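I opened this model to look up its helices, its core and a few single residues. My entries are below, in the order I made them.

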Amino acid sequence: MKPGRESQLNKEVLSRIKKLVIEGKTLVEIAKVIDIPYSTVTNWTCFNVENLSDKIEGWKRDRKLKLAEDK
């Protein structure tokens with residue numbers, strides 16, 4: 001067991017973040033929607049918690065591809 005509080009970054013939160021990234025939301029907007037401090041979200045991305053930073057980059061590519069296909 002790791003010391004400290006359990007992370008709020010769970011499957012449900014990851015799913016919500018994915019949806020918001022694909023919608024084109026910024027990290028500031030995402031933090032507000034999921035009601036988690038922006039500093040926490042940036043820490044998750046900076047330290048790549050649960051590979052979040054990598055996942056966000058992939059979701060951004062998915063969004064760009066979808067936008068290009070819709071043209």
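**Ground rules.** I am working from a predicted model, in which local features need pLDDT of at least 70 and side-chain atom pairs count only at pLDDT 80 or more, while totals for chains, interfaces and linings use all residues. Residues are numbered from 1 along each chain as its sequence is written, and side-chain values use heavy atoms, with hydrogens and water left out.

**Whole chain.** I looked up the confidence first, as pLDDT (the predictor's confidence in each residue, from 0 to 100). The mean over the protein chain is 93, and 97% of the residues reach 70 or more.

I then listed the elements, with helices (H or I, at least four residues) and strands (E, at least two) taken as DSSP runs numbered from the N terminus. I found 4 helices and 0 strands, in the order α-α-α-α from the N terminus on. The C-alpha trace spans about 50 × 20 × 20 Å along its principal axes.

For burial I used relative accessible area: buried is under 20%, exposed is over 50%, and partly exposed is in between (1.4 Å probe, protein chains only). Buried residues make up 25% of the 71 residues. For contacts I used heavy atoms within 4.5 Å. Of the contacts with a separation of 6 or more, 47% are between residues 24 or more positions apart.

**Helix α1.** The 12 residues should span 16 Å, and the end C-alpha atoms are 16 Å apart, which agrees. Val13, Leu14, Ile17, Leu20 and Val21 are the buried residues I noted in α1. They cover an arc of only 125 degrees around the axis, so they sit on the same side of α1; the arc is that of the directions from the helix axis to the C-beta atoms. The face turned away from this buried side carries the exposed residues Lys11, Glu12 and Lys19. The cover over the buried residues of α1 includes α2 (27–34), α3 (38–46) and α4 (52–70).

I looked at both ends of α1. Asparagine 10 caps the N-terminal end, with a side-chain oxygen 3.1 Å from the backbone nitrogen of glutamate 12. After the helix comes glycine 24, whose phi is positive, near 95 degrees.

**Helix α4.** I repeated the length check on α4: its 19 residues should span 27 Å, and its end C-alpha atoms are 27 Å apart, which agrees. Leu52, Ile56, Gly58 and Trp59 are buried in α4. These buried residues fall within an arc of 165 degrees seen down the axis, so they line one face of the helix. They pack against α1, α2 and α3. The face of α4 turned away from the buried side carries exposed Arg61, Lys64, Leu65 and Ala68.

**Core.** I took a nonpolar core as a set of buried Ala, Val, Leu, Ile, Met, Phe, Trp, Tyr and Cys residues joined through side-chain atoms within 4.5 Å. In the largest one, of 15 residues, Leu9, Val13, Ile17, Ile34, Trp44, Leu52 and Trp59 touch the most other members. The elements that give two or more residues to this core are α1, α2, α3 and α4, and α1 gives the most, with 5 residues.

**Single residues.** Not counting residues up to four places away in sequence, isoleucine 34 touches Val13, Arg16, Ile17, Leu20 and Val41. I followed this to arginine 16, which lies in α1 and is partly exposed, at 34% relative accessible area. Threonine 45 lies in α3 and counts as buried, at 15% relative accessibility. Leaving aside neighbours within four places in sequence, threonine 45 is in contact with Leu27, Leu52, Ser53 and Ile56.

**Loops.** Which residue in the loop between α2 and α3 did I note? Aspartate 35 is placed there, and has a positive phi of about 55 degrees although it is not a glycine. Aspartate 35 is exposed, with a relative accessible area of 68%. Glutamate 50, in the loop between α3 and α4, also has a positive phi of about 55 degrees without being a glycine. Glutamate 50 is partly exposed, at 49% relative accessible area.

Methods. The expected span of a helix is 1.5 Å times one less than its number of residues. A polar contact is a pair of N or O atoms within 3.5 Å; within protein, one must be able to donate a hydrogen and the other to accept it, and residues adjacent in sequence count only if both atoms are side-chain atoms.
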